[in-house]
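Dear colleague,

Please find below the structure that I am handing over to you. My notes on what was found in it follow directly after.

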Amino acid sequence: MRIRLFHIPLLVILLIVVSSCDNHVPNKQTTLTNVDSVFTVAALQYHGQFYPGVDGHVLSLDLYSDGLYIDSLGRMQGSGTNIYFSDIFISKEDTCLVQGLYRIDSTALPMTILPGQTIEGSITGSYLLLVQEGQVKRIELFESGSVDVIQDTDSCWITMQMVTSNNKTYNATYIGLVP
């Protein structure tokens, strides 16, 4: 088959059009659904200088929605949503959750929170548990985002804007005391 001279520009145009077609589907961010976004109970723990080589202190924070509670044996009961931040890094001068904007990242610098991850079959870092009748039905790991803490003398406002490991956005709030 012979290609005629006037076919060449048509072939070039066709190649340009075909090569510019992108079959890539963008990784759209969607919203995490079927979980609570308002939390009513908080529990904070101080762990001190927990990690060797990290020049700061570590806290953990548990947030519970209505319907969840901890029984006398320390087990989560009821139905609702639990957010857990296992590693909140603060400066070595601090011993409690201080006001400010915390970022979810793996630097272990003050005002950061470790992202959610699975290590040897256990989850740690920043994650959400959906609980029904005391049983964990769903786990969502947070890989990025921010947690904004505002305090006054008798209350604390925590506003969370996070992204899960499967690229879903999740926004939540807590208003109350942080014991």
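In which strand is Ile-150 found? The answer is strand β13, which covers residues 135–151. Please keep in mind throughout that this is a predicted model.

**Surface patch**

Ile-150 belongs to a nonpolar patch on the surface, together with Trp-157 and Ile-175. The accessible area of these three residues together is about 280 Å². Ile-150 has a relative accessible area of 41%, so it counts as partly exposed.

**Overall picture**

The protein contains 15 strands and one helix. Of its 179 residues, 39% are buried. Among the contacts with a separation of 6 or more, 50% are between residues 24 or more positions apart.

On confidence, the average pLDDT of the protein is 87, and 84% of the residues score at least 70. Residues 10–26, however, have a pLDDT below 50, and this stretch has one contact in the model beyond near neighbours in sequence. I would ask you to read that stretch with this in mind.

**Salt bridges**

How many salt bridges does the structure hold? There are three.

- Asp-55 and Lys-92 meet through their side chains, with an N to O distance of 3.4 Å. This pair links distant parts of the chain, its members being 37 residues apart. Asp-55 sits in the loop between β3 (41–48) and β4 (57–64), whereas Lys-92 sits in the loop between β7 (80–90) and β8 (100–104). With a relative accessible area of 44%, Lys-92 is partly exposed.
- Asp-71 and Arg-75 form a salt bridge through their side chains, at 3.5 Å from N to O. Arg-75 is partly exposed, its relative accessible area being 45%.
- Arg-138 and Glu-140 are also joined by a salt bridge, and their closest N and O atoms are 3.0 Å apart. Glu-140 has a relative accessible area of 8% and is therefore buried, whereas Arg-138, at 23%, is partly exposed.

**A buried serine**

Is Ser-60 buried or exposed? Ser-60 is buried, because its relative accessible area is 1% and the cut-off for buried is under 20%. This residue is found in strand β4. Its side chain is joined to that of His-47 by a polar contact of 2.9 Å. Leaving aside residues up to four places away in sequence, Ser-60 touches His-47, Ala-43, Leu-44 and Gln-45, and also Tyr-84, Phe-85, Ser-86 and Ile-88.

**Two residues with positive phi**

Glu-120 is not a glycine, yet it has a positive phi of about 50°. Glu-120 is located in the loop between β10 (117–119) and β11 (122–124). Its relative accessibility is 80%, so Glu-120 counts as exposed.

Glu-133, again a residue other than glycine, has a positive phi near 50°. The loop between β12 (126–132) and β13 holds Glu-133. With 66% relative accessibility, Glu-133 counts as exposed.

Yours sincerely

Key. Residues numbered from 1 in each chain as written. Heavy atoms only, no water. Salt bridge = Lys/Arg side-chain N within 4 Å of Asp/Glu carboxyl O. Helix = DSSP H or I, 4+ residues; strand = E, 2+ residues; numbered from the N terminus. Buried < 20%, exposed > 50% of the residue type's maximum accessible area, 1.4 Å probe, protein only. pLDDT = per-residue confidence, 0-100. Contact = heavy atoms within 4.5 Å. Patch = residues over 30% accessible without salt bridge, like charges linked within 9 Å, V, L, I, M, F, W, Y side chains within 5 Å. Areas by Shrake-Rupley, 256 points an atom, 1.4 Å probe, with all protein chains shown as cover. Polar contact = N/O pair within 3.5 Å; in protein donor to acceptor, adjacent residues only side chain to side chain.
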